[in-house]
Amino acid sequence: MADLTTPAAKGVDVLIAEDSRMQGKILQKRLTDAGHAVRWAENGSLALDMARERRPDIIISDIEMPVATGYDFCKAVKSDPALRTIPFILLSTLADPIDIIRGLDAGADNYVTKPYEPDYLLGRMAALLATPLGEDDLADATTLEVSLAGQSFKVRAGRQQALNLLVSTFENAVAKNKELMVSNQELSVARDGLERTNQELVSLNAEISRINTQMIRDLEAAAKVQRSLLPADDVSLPSLDIAWRYVPCQSLAGDFLNIFPLDDERVGLFVVDVSGHGVPSSLMAVTVGRFLTAKVADSSILVRQGPDGRVVVASPADVATQLNRLFQADEFSGLYFTILYGVLHVPSGRLDYVCGGHPALVRIPAAGGPPEFHGAEGFPIAFVPEVVYEQKSLTLSPGDRIFLYSDGVPEAMDKDREPYGEEKMASCLDGGRGGPVDASVASLLDAVEAWCQPNGPLDDVTILGIEWKP
Amino acid sequence: MDQFRRIQTGKKGDIFMILFKDKKILDDTVLDEIRAEVAQLLGKASGPDVLLDFSEVDFMSSAMLGLLGQLHRKVSGGKGRLRMCGIKPAIFQVFKLTNLDKLFSIHKDAPAALATFT
């Protein structure tokens with residue numbers, strides 16, 4: 001089509017009828033750039049005046065305009081003997097086939113659908129100027145009967161004019177079809193891209209889900225290892241009533257506790273709280289746990305084989321000192337732990353214990369009287385090298401209860417960050433007198449969890465309760 | 001000198017003054033950032049004198065004590081001294097529960113703490 005932009009189309013006098021200022025300006029500039037003389041009217045009526053004033057070589061007109069539409073303007077031109085051989089191009093956004101019939105009836109020579117490529121319009125102009133309409137063609141205008149979309153139309157048109165208009169309509173359709181094909185291709189490329197991206201997302205998702213499953217498995221395995229640091233659910237030792245609860249705030253915790261026989265008469269018991277939570281704290285907890293075992297064959301620091309083959313039980317102060325030596329401060333992680341470790345001589349009810357930075361134990365005397373806190377001097381383990389741990393003793397009376405716990409109990413914060421506190425803890429335990437130890441431990445845990453509503457405890461919560469009943 | 005997000009720093013003679021800017025030091029991420037910033041500030045200084053100011057801090061988890069232990073060891077590894085000040089009652093409770101109120105040199109405010117360095 002570009003080759004139709006022949007010299008014949010250069011430098012002609014063009015009249016534009018267009019009500020949109022912006023579209024008119026753009027078209028005017030485009031035609032001026034192509035070397036044409038351009039006049040521009042805002043409606044069909046003004047345009048007709050201009051055409052009569054000076055006869056243009058070609059007319060380009062919009063259809064939808066106020067005062068006089070493109071059809072009216074076209075009809076007026078085509079019925080004016082002085083103007084009717086001027087090629088007339090209709091511009092339209094309309095896409096109804098009936099518009100083409102109306103254009104034909106108005107006598108239009110060509111039809112260009114908006115939006116159009118400027119080069120396409122210039123091509124149409126060149127083609128029309130190359131095949132000028134003769135008076136004889138106009139003279140043989142006859143009434144044609146056209147059937148379109150189930151409707152019948154009577155249209156008066158010359159053969160050449162009808163041919164031109166129909167060819168232009170066909171070309172228009174071909175051009176639009178090409179555009180559609182290009183769009184379709186672009187769509188198809190975009191769709192392929194989307195499909196590829198989607199596939200990548202699906203496979204990424206599968207990978208994430210696989211890693212997630214793996215991590216959950218690992219965490220579950222680690223949690224299982226950690227549970228091996230705890231007493232059996234139904235732990236039972238002669239002359240003792242034992243209950244415990246352990247609620248990690250994440251799947252892995254820094255807390256753990258245990259109670260087990262060290263020899264025929266003595267029972268070891270402890271609560272350990274490694275600072276922080278999650279994997280690093282849990283790893284340290286498991287490492288610490290390896291040393292706090294009653295099995296002589298293992299790496300226990302609680303018991304060892306004496307020269308006579310009998311089991312020797314280490315004093316709580318020795319255990320704390322030994323732990324502090326073993327767990328040299330880790331400069332990288334800054335992890336440390338607190339411990340309350342006790343050795344209970346079951347026949348006498350005497351408890352020797354040590355605190356490594358751990359909160360004091362609570363005793364509920366069977367004879368009545370307020371709950372008592374029993375603590376001992378000593379820094380957390382792995383905090384300061386070569387420190388001395390104070391060992392203390394407490395002799396229980398029959399029916400006395402002691403409770404060990406982690407700081408997750410008194411330090412549990414409510415929604416206003418108010419700590420639960422030692423007082424409420426002690427009075428809760430005091431309130432459990434008379435009932436089973438297990439009920440006492442359970443009600444303390446319930447109270448802590450209720451205190452922390454609605455978010456729940458932010459720290460691991462560990463409680464160990466023991467009643468001595470010789 | 002203030003290129004840090006979590007701590008505000010100053011120097012009085014040879015004393016490193018560190019003020020913790022956070023109101024809450026509860027989150028492991030916050031703690032890790034504080035740890036990194038303090039390490040960057042003190043660098044390879046051997047046995048520096050350090051003053052820690054807690055006057056902005058309202059809540060602190062016991063995990064923060066781990067960092068204080070690290071500092072304690074770094075400082076006393078040389079001939080340095082570690083002082084703390086501006087500790088609110090709720091936070092003092094964390095020190096007390098772990099007996100560490102007896103390990104650390106704790107003072108009312110910065111001037112009182114600075115006076116003990118002489």
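**Briefing: a helix pair and a strand in chain A**

In this predicted model, α2(A) passes α3(A) in a right-handed crossing, meaning that the near helix is turned clockwise from the far one by less than a right angle. Local features need pLDDT of at least 70, side-chain atom pairs count only at pLDDT 80 or more, and totals for chains, interfaces and linings use all residues. Residues are numbered from 1 along each chain as its sequence is written, with chains lettered from A and ligands numbered from 1 in the order in which they are written.

- The contact (C-beta atoms, placed from the backbone, within 7 Å) involves G44(A), A47(A), L48(A) and A51(A) of α2(A), together with G70(A), D72(A), F73(A), A76(A) and V77(A) of α3(A).
- By class, these contact residues are six nonpolar, two polar and one charged; Ala, Val, Leu, Ile, Met, Phe, Trp, Tyr, Cys and Pro count as nonpolar, Asp, Glu, Lys and Arg as charged, and the others, Gly among them, as polar.

**Strand β14(A)**
- Five of the seven residues of β14(A) (residues 350–356; strands are DSSP E runs of at least two residues) are buried, that is, 20 or more other C-beta atoms lie within 10 Å of their own.
- β14(A) runs antiparallel to β13(A) (residues 337–345), joined by six bridges; strands pair if DSSP finds at least two bridges between them.
- Within this pairing, V343(A) has D352(A) as its bridge partner.
- Four residues separate β13(A) from β14(A) in a hairpin, and G349(A) in the turn has a positive phi of about 80°.
- β14(A) also pairs with β17(A) (residues 391–395) in the antiparallel sense over five bridges, where R350(A) stands opposite T395(A).

Conventions. A residue is buried if 20 or more other C-beta atoms lie within 10 Å of its own, exposed if 12 or fewer, and partly exposed in between; C-beta atoms are placed from the backbone. Two residues are in contact if their C-beta atoms, placed from the backbone, lie within 7 Å.
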